[in-house]
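Dear colleague,

I would be glad if you read them beside the model.

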Amino acid sequence: MNHRVAFFRVLVVLVPMAVCAQTVQTALLTQLLQRHEFTQALETATLLHKQVPDDLTIRAYLADAYIELGDYEEAVKTTQALMNLRPGNPLGLTRAGRLRELHGDNAGALELLHRAYEVTSPQEVSDRVSLLTRMARLQLHSGSVAEAETLVNTALGTTPDEPEAIGVLAQVRQAQHRNDEAIALLEKRFALERRAGNLFTLAQALDTAGQKQGAAKAFADFEQKALDESDRAANANHELADYYVDYAHRPTQALEVASRELRRRHDVFTLDAYAWSLAACGDYVQASLEIHKALAFGSKDPVILRHASEIAAHLDGQDWSR
Amino acid sequence: MKTKLLSLVTPLVVLLLSAAPSAPLFAASHREAPITALDQKADITDWYAFVDPNKPDHVVFIMNVDPFLEPTNGPNYFPFDPNVLYEMKVDWNHDGVEDIKFQFRFTTQIGLPQVFTGFVGGLAGIPPITALQGTGSQGLSLSQTYTVTEVTNNGVQQIGLGQTLSAVPTNVGPRTMPNYAALAAQGIYSLSGGITVFAGTVADPFFIDLGAAFDSLNFRTATGGGVLSAAADGDDHNNYAPNALAGFNVNSIVLEVPITMLTADGQIHPATDANAVIGTWATTSRAQATVLADPFGSLAEPSLYGQVQRLGNPLINELIIGTGSKDTFSTDAPKNDAQFASFFLNPLLATIFSSIGIPVPPAPRTDLLPLVQYIAPICPGCTAAQAGPIADLLRLNTGIPPTPLASAKRLGFLAGDDAGFPNGRRPVDDVVDIAARAVAGALAGSKYNTPIGDGVNTSASALPTTFPFEAPAYSGRQSSHNAGPGQPGCALQPNGICPTN
């Protein structure tokens, strides 16, 4: 357990009636979300929300927990109430933007994130960089490479070493077929933030660029690192499942990893990883059912759509293929 | 993991915690929650529902919004907000959900775009304003019209279709509006189906010693510090403390409809029949951004409008609901009020009363349930199954005969005037004293009926006994908040000034 989480848990036990108890519990909630302990975060957020229903931050965290666990109906309800309580508040706008993105409405998501950006003080540097980065990614997914580049460069102009922004700029460079620059950026990002997920993206870029030897080394390192993280809450299980299916061709291991993650959450990306693993194992009927669940909320994520299309093709599903 | 948790987490925690809202203990229903303190135009100050003493087969609803309108405050004064949806709602089958509602939407017109003020008359060739429409209305540079829409499960229909309904502007002064009372009277419209409507600025009929209440219940010594003498308590016509609302205007929508529109079977019922009792409340809403682009999607069924405030019983949000829940209370629906049951059944204010020696019943305070459920004494005909959910509604037994307003008691039900609050609410009802006494246990029996009061027993404006039951707006030119000699209701006091110490 993370030391800060442990510290806050002890505080909660020691001072449950103190004036600062709510502040302490909110800090604990922050830690739980940052560590991707979403089920515990949902429990804590629900408890705090009952105590102080008007607290916007707690409502936002409650929405975060619902989103990450894949309970989109409750996420939408919570976020709508959050926006209604204080129209135009950035906490609500950002959660709504995320839900619109997951719903396949990139233009709508951009509209809300832009509004959130406008109402966020320039002094909140990390928040504004985060918003610029998210807008850049959405523009990229919408095919607007130039707009994405402008946005992400604005973000990096403020915070040159922001790993998420570097990752999006790398995607921009890949879209511009400037693979060497993309690889350099992804190497920089991994050096800044040594997460397994970042290593997987680097390995993919190396593979795409035809640097097979470097890619093999990166994939091997990634697998080891992802396996080390696999039982933790903050893990790279989605990427690991993808790796086993698409690169290592070990579908049984992919299904084992995806199944493990599915026991924790049912968000669209976990459902996709599970469906893709099932398909790799030859169970296309069940894979089709699971990918339907992933698409039910309206996702237009290109990877999920490609998986759905290939699964449907195996089942002679002409409608799906279209 | 493909999804990265939103990074807008920790920094905004600090941002929002440092900006944590605070709210006063109570303030009538004026600015009672953080959300309405920030959105004055959508702030419902008071909600009234009563059987018309002049037409006992009709019910009058009054929805007042936009508090503390200073009469001199030109040049644009106090238009209704065209972006707010104003609604009056009625539950007739006791489930806490509206069965019929009346919606009001306003539109603003600018008639003299080159003129620097909203209203002008008796100057520069522009005649005084003597009419809301046509000749005599040339000086209404800023004017408003509105529509009334009835919504039931059977459909939506506009009431008064073909009629232009003008909102009555505020009373600018005698040069501009030489006969304001006559001008205001033009704003009363008879619509089809026996419906009457008025919308405009009026003198705020509410009354309270707000300064003493805000100062941690520091009521005036002359009023017994919050426990009234027998003489003051029995006086329905004079004040013993300053009325903070004196001299302030408020925007008002008044609607009178036949009782037959408000009952489940379209009939009038005797007081002993559960069908005679309706639950009423008012809401204000604004168009809101929706989470999903398709607001009518199956997920969560979000509405195009987000509720800003609701008001059923007076002072519930002020006196009962905790500060950390006030906005949620304001924006939620009455049918979900079970979440606030702990506030209703064990109010903090009762504990405060107890701490200063006022006897109060022990929790759980089931004696307060008549305010939030359909039970006796307001609904003597209701069975346990008809009590409905806990819901803050202003319940009105339409079968109880109205009391002529000239003989109405300020303490309403508590004084044996069964046509008064908490059986509905009339402008004359002293809801501050009634509500405080109810919290102290008056409904639980005479043992707990301490004569709590703020010493303000009557409105600063002479309340009319006919529609729209509120006095015309105070004049801007002639305005005074009447803090000095001559303050209405203070005639019995030395020099005509209500004591302030």
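In this predicted model, strand 3 of chain B and strand 11 (residues 277-287) of chain B pair in the antiparallel sense over eight bridges, where strands are DSSP E runs of at least two residues, numbered from the N terminus, and two strands pair if DSSP finds at least two bridges between them. In that pairing B:Val90 stands opposite B:Thr280. Strand 3 of chain B also pairs with strand 4 (residues 100-110) of chain B, again antiparallel, over five bridges, and there B:Met88 has B:Phe102 as its bridge partner. Because eight of the eight residues of strand 3 (residues 84-91) are buried, this strand is largely enclosed by the rest of the structure; buried means under 20% relative accessible area (1.4 Å probe, protein chains only).

In chain A, the domain assignment, which is automatic or from a database, gives domain 1 (1-119), domain 2 (122-228) and domain 3 (229-322). Across the interface of domain 2 and domain 3 of chain A the rule finds one salt bridge, that is, a side-chain nitrogen of Lys or Arg within 4 Å of a carboxyl oxygen of Asp or Glu. The side chains of A:Arg250 and A:Glu223 meet in a salt bridge at 3.0 Å, N to O.

Residues are numbered from 1 along each chain as its sequence is written, and chains are lettered from A and ligands numbered from 1 in the order in which they are written. As the model is predicted, local features need pLDDT of at least 70 and side-chain atom pairs count only at pLDDT 80 or more, while totals for chains, interfaces and linings use all residues, and side-chain values use heavy atoms, with hydrogens and water left out.

With best wishes

Definitions and conventions. Buried < 20%, exposed > 50% of the residue type's maximum accessible area, 1.4 Å probe, protein only. Helix = DSSP H or I, 4+ residues; strand = E, 2+ residues; numbered from the N terminus.
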